[in-house]
Every structure is written in structure tokens, then in C-alpha cells.
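The sequence and the model are shown first.

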Amino acid sequence: MTSVRAIGDRLQALLDEPASLEGVAGGVVGVAIGDEGIVLAHGSANLNTHQPFTEDTGFLLGSVTKLLTTTVLMRLVERGLVDLDAPAQRYVPDFALSDKDAAAHITVRMLVNHTNGIDADALCPHSVRGRDASRHYMSYLTKLGVLFEPGVCVHYSNPGFVVAARVIEEITGAPFERAIQIELFDPAGMREATAVQTQAFLRRTAVGAYADPETKALKASHVFTLGEGLAGGGTTV
């Protein structure tokens, strides 16, 4: 079996080779085999401040958050508080679409297995932050319909996870950022995890980078995250 040290040496050589990281500001790489592990950091975590990547640099998880939202939801299912095949409206009465029949047939399961069909891929309101952000997002859905009959097709769904986050909020009585802390981060010992954007200022956190279309030079992103209303789908964790 290849040793962790050997893998680390190969990774370090790769990180030290400029051509291999062309178009990338930097990153953190971790490898574990059994009880052995190694973490390597390279490059800049923030091109605005030239803050270097370190082994403990934090990252926004993006849509990996969907796995965490689903895990929290399934903990509620295990406790008998949520039925996956019940209509989402049972738990979130204010969930509505322009197609009332479709909204009534969308189950909790459809929210998280991408079969709900809600036509809101580009919906990302920014005007409300904090504990009411997901509820505010829902108000926009009343003007939107579905791409297909719920349950018959698969279509990657951000709005489904916003509604799932609202189910979690209604059942736990806590805003999403508190619910995921109580139901997942704390039990799992994830002491550095948070779903509160402003907590990022208390630690080293990476800022996105992109290639300028004209100069091709790397620049720091001008937006730290998308709107907090999309928290359940991946904007604040």
C-alpha cells in the first residue's frame, strides 16, 4: 500500500510545479489512510489581501450543503417528526406555486431527490438576510410553476432544498443556521463548522477567484456568497 508520506511527497511536488496550477489561486489538500493523515496548503486564499492558504483555511461548501440539509432532515424522519412521503405543505403551509395542484403533490422526498420540478433554477433573492431569508425566498415561488409533473423526472433543484430547509425550520422551531448546528454540527463534533456567513470573519476563510475574461489574470470574486435565502441549497455553510 502506498504510504501517506509518499502521497504527500507527490502532492507537494505537484503543488510546487507552477504549470500544474495554472488558473488556480491555490488550495488545501488532505489525504488520510487509516490513522495516518497529511494536509498541504499552497497559494493565496484571498487575492485581495494576499492571505495565504493554511491547513486550517475554511471554505464555503456550496452545494455539498445539500447533503447536510438532507442529513438533518433524515434525523427528523428517524424521530418520526417528518414523513418523507407526506406533502411538503403539511409542514410548510406557506409553500405555494403558481400551479397549485403541482405544489400540493410535491412531497418531502421530492424536495431532496430532485424530482419536484420547481422552475426556479435562477431564483436567488438577496434583499433579506438572517432567520427570515428562507421564508422570504418562498414568497417568490408563488409566481413560479413546475417544469414537469412532480415525481416523474429528475431536474437538479435548488428550490427543493430551500423548501426542505423550511421543513427543518418549522419542525425544530429554529432558523436554518441554528437547526443545522444543533442537529448536525454539534453531535458530529464539527467545532469549526457554521452556517452563519459573518462567522467567516472570525477565521481564515477562502475567497473565490476567477480568470478575468479580458486579461485572463486571476481576480478575487466580487461576491462572497449568493443570497442567504438559498442557505439550505448551499450559500452559507
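## Salt bridges, pockets and surface

With a relative accessible area of 43%, D56 counts as partly exposed. This is a predicted model, and in it D56 pairs with R204 through a salt bridge whose N to O distance is 3.4 Å. The pair ties together parts that are 148 residues apart in sequence, because D56 sits in the loop between β3 (51–52) and α2, whereas R204 belongs to the loop between α8 and β4. R204 is likewise partly exposed, at 41% relative accessibility.

**Overall architecture.** The protein chain contains eight helices and five strands. Read from the N terminus, the order of elements is α-β-β-β-α-α-α-α-α-α-α-β-β. Along the principal axes, the C-alpha atoms occupy a box of roughly 60 × 45 × 35 Å. Of the 237 residues in the chain, 40% are buried.

**Ion pairs.** Side chains of opposite charge can pair when their charged atoms come close. The whole structure holds 11 salt bridges. Three of them are set out below.

| Salt bridge | N to O distance | Relative accessible area |
|---|---|---|
| D56 and R204 | 3.4 Å | D56 43%, R204 41% |
| E183 and R75 | 3.3 Å | E183 10%, R75 29% |
| R203 and E192 | 3.6 Å | R203 29%, E192 60% |

Which elements does the salt bridge between E183 and R75 join? E183 forms a salt bridge with R75; the two residues belong to helix α8 and helix α2 respectively and are 108 residues apart. E183 is classed as buried because its relative accessible area of 10% falls under the 20% limit. R75, at 29%, counts as partly exposed.

Is E192 buried or exposed? E192 is exposed, since its 60% relative accessibility is over the 50% limit. R203, by contrast, is partly exposed at 29%.

Beyond these pairs, a network of salt bridges links D94, R135, R166, E169 and E170.

**Pockets.** Rolling a probe the size of a water molecule over the atoms shows where empty space is left. The largest pocket holds about 340 Å³ of space. Its lining comprises 17 residues, and those nearest the centre are G58, F59, E192, A193 and R203.

Thirteen residues line the second largest pocket, with G62, T225, L226, G234 and T235 nearest its centre. Its lining has six nonpolar and seven polar residues, and no charged ones.

A nonpolar surface patch is formed by L61, V64 and L67, which together have about 260 Å² of accessible area. L67 is part of helix α2 (residues 65–78). With a relative accessible area of 58%, L67 is exposed.

G208 occupies the loop between α8 (176–185) and β4 (209–211). It is partly exposed, at 38% relative accessible area. Between the C-alpha atoms of G208 and R129 there are 21 Å, the two residues being 79 residues apart along the chain.

How values were computed:
Residues are numbered from 1 along each chain as its sequence is written. This is a predicted model: local features need pLDDT of at least 70, side-chain atom pairs count only at pLDDT 80 or more; totals for chains, interfaces and linings use all residues. Side-chain values use heavy atoms; hydrogens and water are left out. On a 1 Å grid over the protein atoms alone, a cavity is a set of points where a 1.4 Å probe fits but cannot get out, and a pocket is an open set with protein on both sides within 12 Å along at least five of seven lines; lining residues have an atom within 4 Å of a point. Grid points are joined across faces, edges and corners, and a volume is the space filled by probe spheres set on the points. Ala, Val, Leu, Ile, Met, Phe, Trp, Tyr, Cys and Pro count as nonpolar, Asp, Glu, Lys and Arg as charged, and the others, Gly among them, as polar. Patches are made of residues with over 30% relative accessible area and no salt bridge: like charges are joined within 9 Å, nonpolar side chains (Val, Leu, Ile, Met, Phe, Trp, Tyr) within 5 Å. Accessible areas come from the Shrake-Rupley method with a 1.4 Å probe; for residues, only the protein chains shown count as cover. A salt bridge is a side-chain nitrogen of Lys or Arg within 4 Å of a carboxyl oxygen of Asp or Glu. Helices (H or I, at least four residues) and strands (E, at least two) are DSSP runs, numbered from the N terminus. Buried means under 20% relative accessible area, exposed over 50%, partly exposed in between (1.4 Å probe, protein chains only).
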